[in-house]
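User: I would like to go through this model with you, a few residues at a time. Please keep the answers plain and give the cut-offs as they come up.

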Amino acid sequence: MSIADFRSKVLAGTPLAGTFMKTPTVDMLEVLILSGLDFVCLDCEHAPFDRGAISACMALSRAADFPVLVRVPSSAPENISKALDDGACGVVVPHVTSAEVAQQVARASRFGRGGRGYAGSTRWSGYTTSAMPDLLERSASETLVIAQIEDPEGVEAADAIAATDGIDALFLGPADLSVAYGHSHQESDDLFAAMEKTGKAAQAHGKGYVTFVANAERASALRKYGFSMFFIASEHTWIMQGARAQVAGIRALD
């Protein structure tokens, strides 16, 4: 999977496997790239990434031609512009609850009047090695903007959010939505109805449809709702699962 092909694969509904990365070190990203994943997303909403750690990871991403997204802490334009300037191929923006918020996110992610500030000297732009027309064209074709639908208000506004120019995909957040609906599990009729409603909105407007799953089995079970891009657990989960399995094997020795 190359950076140039990534956005088109998402929009085409190609099944894609990625993960959230919680550990702010370039070494961890290097290992995840070698694992065969299609993409990685730095979780800057829930993990301790600073600008230096993001920059180092993006340098590796660009050198390896491997798609790395950033889940920004909020929809503030400065969060989006920093991630994209550092080299992210796209952003995941939490708590998009209305068409108005979606429009603000899309504008902050795209070059143009009132939008992302243009600079030809960033890592993303090749440190002044690319001409403005080329960069504008590459931004339009490569930059992936994903709106997280993780509030009941977002579900109700899903069609309007999906219709927003500049939003490429909807990410249904099953944990936040479950909690918002008053549940302590992810098997409620409320959640499945939200998946169906949001999926229909994404399909109607030709947008990608994304969710978080614990494993491939869960992804298979949810495929009927139209999801094609899956954020599978995180490296923390995989380290824990692998370690526990091996410890259990040693404990079972006679």
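User: To begin, is Ser109 buried or exposed?
Analyst: Ser109 is buried, as its relative accessible area is 0%. Buried means under 20% relative accessible area, exposed means over 50%, and partly exposed lies in between, with a 1.4 Å probe and protein chains only. Please note that this is a predicted model, in which local features need pLDDT of at least 70 and side-chain atom pairs count only at pLDDT 80 or more, while totals for chains, interfaces and linings use all residues. Residues are numbered from 1 along each chain as its sequence is written, and side-chain values use heavy atoms, with hydrogens and water left out.

User: Where is Ser109, and what is it in contact with?
Analyst: Ser109 belongs to helix H5. Helices (H or I, at least four residues) and strands (E, at least two) are DSSP runs, numbered from the N terminus. Beyond its neighbours within four places in sequence, Ser109 is in contact with Ile80, Leu84, Val91, Arg116, Thr143 and Val145, where contact means heavy atoms within 4.5 Å. Its C-alpha atom is separated by 6.8 Å from that of Ser81, 28 residues apart along the chain.

User: Which backbone oxygen does the Ser109 side chain reach?
Analyst: The side chain of Ser109 reaches the backbone oxygen of Val105, at 2.8 Å.

User: Changing topic: how many disulfides are there?
Analyst: A search of the whole structure gives 0 disulfides, a disulfide being a pair of cysteine sulfur atoms within 2.5 Å. For Cys41, the nearest cysteine sulfur is that of Cys44, 7.7 Å away. Cys41 is buried, with a relative accessible area of 0%.

User: On to the rings. How many aromatic pairs are there?
Analyst: The count comes to 11 aromatic pairs. Rings of Phe, Tyr and Trp (its six-membered ring) pair if their centres lie within 6.5 Å; planes under 30 degrees apart count as stacked, over 60 as edge-to-face and the rest as tilted. One of the pairs is Phe20 with Phe171, which is stacked because the centres are 6.3 Å apart and the planes are at 25°. Phe20 lies in strand S1 (residues 16-21) and Phe171 in strand S6 (residues 169-172), so this pair ties together parts that are 151 residues apart in sequence. Both Phe20 and Phe171 are buried.

User: What about Phe39 and Phe231?
Analyst: That pair is edge-to-face, since the ring centres are 4.9 Å apart and the planes are at 65°. Phe39 is in strand S2 (residues 39-43) and Phe231 in strand S8 (residues 229-234), 192 residues apart. Phe39 is buried at 0%, and Phe231 also counts as buried, at 0% relative accessibility.

User: Which residues form the aromatic cluster?
Analyst: One aromatic cluster is formed by Phe6, Phe20, Phe39, Phe171, Phe212 and Phe231.

User: Which charge sits over the ring of Phe20?
Analyst: The charged end of Lys22 does, 5.5 Å from the ring centre. The rule is that NZ of Lys or CZ of Arg is within 6 Å of the ring centre and within 35 degrees of the ring normal. Arg138 likewise lies over the face of Trp124, at 4.3 Å from the ring centre.

Terms used: Polar contact = N/O pair within 3.5 Å; in protein donor to acceptor, adjacent residues only side chain to side chain.
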